[in-house]
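I opened my notebook to jot down what I looked up, one topic at a time. Here is the structure I was working from.

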Amino acid sequence: MELMEKTVASERVFDGRLLKVYRDKVELTNGGSSVREFVHHPGGAAVVALDGEGNIYLERQFRYPYHKVVMEIPAGKLEPGEDPFDAIQRELSEEIGATAGRWNALGCIMPSVGYTDELIYLYLARDLTFGARHLDQDEFLEPFKVPFGEALAQAADGRLNDAKTLAALFRADQLMREEANG
C-alpha cells in the first residue's frame, strides 16, 4: 500500500524565534487532497549522564506549556547547522557542569509525530568529571542525582513523564544490559 503524501503547496503561517508553523496542502494516495499543519523544530539532543557510583543526573525545570515543573534529563535544542553530539556536550557542561570520558549514541526519537518534525538525539555519558555550571541567561533549572535503578522505576510507574527521558533511560538500560552480558 502506498502511504506517502505529496506536498502540493506550503505556507509558513508563523515564524517564531524557535518554532515555525506551516500549513501544507497535500495530495493523498487516493488522489484526494487534505491540509497538514505542523511545527518545524530545529531538533535537540538529550543525555543520560551516569556517574561512577551508578547515579543519573536529572533536572527540575519549569516547562511553560504545562505550567509545571518537570523532571527530565539534561537536554537542549540544536543551533543552526550544529552537530547533535557537539550540542549535547555543550548542554551537559552548561546544565550540570560535567564533561564525559565515554559516550554512546542511543539513536534519535520523534517525540510527537502528529504535529512536529522535531528529532531528539539521545546519548549516554559516563566517566563524568565535574566543574562549574554555566546556564544561559534565561535558563533556570535544578540538577539532582538519583540511582539509575530508581530513575528507571520512576519512568516505569509514571513519576517521570518526559518522553525523551523515558526513551533515553530505557535505551541506556538496554545498552548497559547488553554490555554486562558481553
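This is a predicted model: local features need pLDDT of at least 70, side-chain atom pairs count only at pLDDT 80 or more; totals for chains, interfaces and linings use all residues.

**Salt bridges.** I began with Lys77 and Glu79, whose side chains meet in a salt bridge at 3.4 Å, N to O. The rule I used: a side-chain nitrogen of Lys or Arg within 4 Å of a carboxyl oxygen of Asp or Glu. Residues are numbered from 1 along each chain as its sequence is written, and side-chain values use heavy atoms, with hydrogens and water left out.

I then searched the whole structure and got 18 salt bridges. One of them joins Arg126 and Glu179, with the closest N and O atoms 2.8 Å apart. This pair links distant parts of the chain, since Arg126 is in strand E9 and Glu179 in helix H3, 53 residues apart. Helices (H or I, at least four residues) and strands (E, at least two) are DSSP runs, numbered from the N terminus. Arg126 is buried at 7%, whereas Glu179 is partly exposed at 36%.

I also looked up Lys164, which forms a salt bridge with Asp162 at 3.0 Å between the closest N and O atoms. Lys164 counts as buried at 10%, and Asp162 is buried at 16%. Through shared partners, salt bridges join Arg63, Glu72, Asp162 and Lys164 into one network.

**Aromatic pairs.** I counted five of these. Rings of Phe, Tyr and Trp (its six-membered ring) pair if their centres lie within 6.5 Å; planes under 30 degrees apart are stacked, over 60 edge-to-face, and the rest tilted. Tyr57 and Phe130 make a tilted pair, 5.1 Å centre to centre with 50 degrees between the planes. Tyr57 lies in strand E5 and Phe130 in strand E9, so the pair ties together parts 73 residues apart in sequence. Tyr57 is buried at 11%, but Phe130 is partly exposed at 40%.

Phe85 and Trp103 pair edge-to-face, at 5.1 Å centre to centre and 85 degrees between the planes. Ring pairs link Phe85, Trp103 and Tyr123 into a cluster.

**Nonpolar cores.** Which residues have the most contacts inside the largest core? I found Val48, Ile56, Leu124, Phe148 and Leu169, in a core of 24 residues. Its largest share, five residues, comes from H3. A core here is a set of buried Ala, Val, Leu, Ile, Met, Phe, Trp, Tyr and Cys residues joined through side-chain atoms within 4.5 Å. Val48 is in contact (heavy atoms within 4.5 Å) with residues including Ile56, Leu124, Phe148 and Leu169, leaving aside neighbours within four places in sequence. A second, separate core of 14 residues includes Tyr57, Ile88, Leu92 and Ala98.

**One last residue.** I checked Glu94, which sits in helix H1 (residues 84-96). Glu94 is buried at 8%. Beyond its neighbours within four places in sequence, Glu94 is in contact with Arg133, His134, Leu135, Asp136 and Glu139.

Conventions
Buried means under 20% relative accessible area, exposed over 50%, partly exposed in between (1.4 Å probe, protein chains only).
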